[in-house]
Amino acid sequence: MKERSGIARRRRTTNRRTRAARIGINRRHGNKKHVELQKTRKSRSTSGQVDLYLMCEAGQVAGNEAKANNTASDKHARLVWNAHAVNVTELSNFDLALKAGKAFMQGYAHASGHSLQIVPVPLHHSAAAVVCACNEEHTLGQVLLQLKRLPLTDIIVVLNGTTDDSLKQVLKQPGLTVVYEPDRAGHDVGRALGAKMTDAESVLFVDGDMVVPAEQLAPFLFAVDRGQDVALNNLTSLLPAFAGQDEVSRIKAYLNRTLGRADLGSNSMTAVPHALSRRMIQTVKPASLAVPPKAQSLAIQHGMNVSAPSQVDVIRSNRLRPGNTGSGNDVARLIIGDHLEALATLLGTGWNSAQAHTLSRAEVAYRRNAR
């Protein structure tokens, strides 16, 4: 019995030592993992990345406070997110900023129990949107719904010559500024009217016949908020080779090349969505926005920052009408005329043609033989 008890004691002692050893190993590995996690988070912050877990935790803290104070709402969530985002220096890239915002909102929604539909793009300055519409009663409501998901201080709806129930659709929704012109004022005139109705630092322009998700509109506001003056819709990859392009795409590219901005291709303020800075609007004057290529030309001549940061496929989603289909249609002739006016204004200012990029013989041959 003594021998057995001695064996049992040795076994128990061995088991205790084994468990102690295992605990020590686990602690060492746990500390190691904790150190590695800290190193990972530190490396993320120094490499321009953001720890999404920390963003989610910050959202949870804000959500818990909102729940306790009974203040949970889309407006409150956006306010606390903007206050938090100001202190995060890594949010200079749109994709990264959007991921961080979504993580924050996920934590906020989980803690507060309030469902959120907003797009948490962090903006440093005020932003507004101008919606131009004519007989868009079937789509206008959805367009406005997407805009309300963005951090906008103003939404201006310009109804230009509408004869359907578009006005009734707009009046049903609170918090909008409505410009109602019963007679047709002319194509793109609504942009000029809308731009004069707001003092926001960034202005987004959309059309009432095209429902674009707020997530696709946000990059244009973000680009202007971070220093761009003109943020164009980048349609380059949607267009065929030069030889297969229509006359509208070609004259857009020609104007940009004449201005020394061949990198912009056929991207133009003629296409929506796009966004403008307050500085740009004040410099070129709101009236020039009625002729988008002219406004774009003036912006480039004044040395403003013009880029095409994002793409929204408005070619396939564009509403087909009798006036915008077929070769040489009314809309195409209008756009070409606008570009000719921009070119005439450019030449009238004494623009130095030497500033424009001259095609090399190789480039001429490539474009002539392109298929």
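This is a predicted model: local features need pLDDT of at least 70, side-chain atom pairs count only at pLDDT 80 or more; totals for chains, interfaces and linings use all residues.

Colleague: Which side chain does arginine 149 meet in a salt bridge?

Modeller: That of glutamate 215, at 2.6 Å, N to O. Arginine 149 sits in the loop between helix H5 (140–147) and strand E2 (154–160), and glutamate 215 is in helix H8 (residues 214–225), so the pair ties together parts 66 residues apart in sequence. Helices (H or I, at least four residues) and strands (E, at least two) are DSSP runs, numbered from the N terminus.

Colleague: Is arginine 149 buried or exposed?

Modeller: Buried, at 16% relative accessibility. Glutamate 215 is partly exposed at 29%. The cut-offs are under 20% relative accessible area for buried, over 50% for exposed and partly exposed in between (1.4 Å probe, protein chains only).

Colleague: And what about aspartate 225, what does it pair with?

Modeller: Arginine 226, with the closest N and O atoms 2.5 Å apart. Aspartate 225 is buried at 5%, whereas arginine 226 is partly exposed at 29%.

Colleague: Switching topic: which residues of H3 are buried?

Modeller: Ala77, Arg78, Trp81 and Ala85. They cover an arc of only 95° around the axis, which puts them on the same side of H3; the arc is that of the directions from the helix axis to the C-beta atoms.

Colleague: What covers them?

Modeller: The cover includes helix H2 (52–69) and helix H4 (94–112), with contact meaning heavy atoms within 4.5 Å. On the other side of H3, Lys75 and Leu79 are exposed.

Colleague: Last one: which residues form the nonpolar patch on the surface?

Modeller: Leu171, Val178 and Tyr180, with about 280 Å² of accessible area together. Leucine 171, in helix H6 (residues 166–171), is exposed at 60%. Patches take residues with over 30% relative accessible area and no salt bridge, joining like charges within 9 Å and nonpolar side chains (Val, Leu, Ile, Met, Phe, Trp, Tyr) within 5 Å. Areas come from the Shrake-Rupley method with a 1.4 Å probe, and for residues only the protein chains shown count as cover.

Note on methods:
Residues are numbered from 1 along each chain as its sequence is written. Side-chain values use heavy atoms; hydrogens and water are left out. A salt bridge is a side-chain nitrogen of Lys or Arg within 4 Å of a carboxyl oxygen of Asp or Glu.
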